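Dear colleague,

Please find below the structure for your review. A summary of the findings follows it.

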Amino acid sequence: MLPWRRLLRPLAVLSLAAALVVPTGAAHAASAPSSGWNNWSCKPSAAHPRPVVLVHGTLGNSVDNWLGFAPYLVHRGYCVYSLDYGQLPGVPLFHGLGPIDKSAGQLDVFVDKVLAFTGAAKTDIVGHSQGGMMPNYYLKFLGGAPKVNALIGFAPDNHGTTLSGLTQLLPYFPGAEDLISASTPGLADQIAGSAFVTKLNAGGDTVPGVKYTVIATRYDEVVTPYRSAFLSGSNVHNVVLQDLCALDISEHVTIALTDRIAWHEALNALDPAHAERTTCASVFS
């Protein structure tokens, strides 16, 4: 192998890993307040009878991914909970890197805990990126469907991602894909066409009895093409953020982290009986 190819191989792996992840400021997780969520004494109200489980994205964690949206829901009377999943040994704070089927098992345990503490029969799940896709594995393969009313995803990679074509370069760097699979299987699972993505969507995108909402952005630089986030089914509502507000320029990270227009649309999905049209003015709601 020529020297330049020896250099390009590790660089390609690092570039792919950096592109796949969703940085959410995890360095602050240890000291950040939870601002009212993960309150295990919270009891759902008649107005909001289902607790909400928040599922972070790749390289996120249960706090930093939800520093904006979780208090937004708590302020509106919801019981809100978030979990850490997909931890790798020796890697603190940055989660969602382990095998996604195993991560779905962690979600299974967490949902049971939430339902036991709150006394609710079902929960609603809101996830970002991998966190909007991984719960569908829980619904389809781990018996989660009877416990979940709705799954709402901010820019979920439901059909994997090409990373603007970067993943198609992997065959040109022998060993790169094996290295990613071995060291960060949660990243490899999210590549379009992976064995995990193929299994996840075989036999249809959804399961009966669960309502699905997908909120995507045209400016997504991680889930590409952005419409790969969309699901098919009679129980699905797919929406592009810019169709709600043409001025919204949120990309993959900010759609969940700071975008109150996206949050408002998610709120409509949580409480469709009291839904209000989402527009650019929803940023003030």
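The structure holds ten aromatic pairs, a pair being two rings of Phe, Tyr or Trp (its six-membered ring) with centres within 6.5 Å; planes under 30 degrees apart count as stacked, over 60 as edge-to-face and the rest as tilted. Phe69 and Tyr72 form a stacked pair, with 6.0 Å between the centres and 25 degrees between the planes.

Please note that this is a predicted model, in which local features need pLDDT of at least 70 and side-chain atom pairs count only at pLDDT 80 or more, while totals for chains, interfaces and linings use all residues. Residues are numbered from 1 along each chain as its sequence is written, and side-chain values use heavy atoms, with hydrogens and water left out.

**Aromatic residues**

Phe69 and Tyr72 both belong to helix H2 (residues 69-74), where they are three residues apart, about one turn of the helix. Helices (H or I, at least four residues) and strands (E, at least two) are DSSP runs, numbered from the N terminus. Both Phe69 and Tyr72 are buried; buried means under 20% relative accessible area, exposed over 50%, and partly exposed in between (1.4 Å probe, protein chains only). Phe69 also pairs with Trp263: their ring centres are 5.8 Å apart and their planes stand at 55 degrees, so this pair is tilted. It links distant parts of the chain, since Phe69 lies in helix H2 and Trp263 in helix H10 (residues 260-270), 194 residues apart. The relative accessible area is 0% for Phe69 and 4% for Trp263, and Trp263 is thus buried. One aromatic cluster is formed by Trp66, Phe69, Tyr72, Phe154 and Trp263.

Two lysines lie over ring faces: Lys113 over Trp40, at 4.4 Å from the ring centre, and Lys199 over Phe141, at 5.0 Å. The criterion is that NZ of Lys or CZ of Arg is within 6 Å of the ring centre and within 35 degrees of the ring normal.

**Strands S1 and S2**

Strand S1 (residues 52-55) runs parallel to S2, and four bridges join them; strands pair if DSSP finds at least two bridges between them. Within this pairing, Val53 stands opposite Tyr81 in S2. The chain passes from S1 through H2 to S2 in a right-handed β-α-β crossover, meaning that, with the strands pointing away from the viewer, the path from the first strand over the helix to the second runs clockwise. From strand S2 (residues 80-83), Val80 and Ser82 point one way and Tyr81 and Leu83 the other, and all are buried.

**Disulfides**

There are two disulfides, each a pair of cysteine sulfur atoms within 2.5 Å. In the disulfide of Cys42 and Cys79, the sulfur atoms are 1.9 Å apart. The torsion about their S-S bond is about -80 degrees, so this disulfide is left-handed. Cys42 lies in the loop between helix H1 (3-20) and S1, and Cys79 in the loop between H2 and S2, 37 residues apart. Both Cys42 and Cys79 are buried.

Cys245 is joined to Cys280 with an S to S distance of 2.0 Å, and this link is right-handed, with 100 degrees about the S-S bond. Cys245 lies in the loop between helix H8 (241-244) and helix H9 (254-257), and Cys280 in the segment after H10, so the pair ties together parts that are 35 residues apart in sequence. Cys245 is buried, at 4% relative accessible area, whereas Cys280 is partly exposed, at 29%. With the bonded cysteines numbered in sequence order, the pairing is 1-2, 3-4.

Yours sincerely
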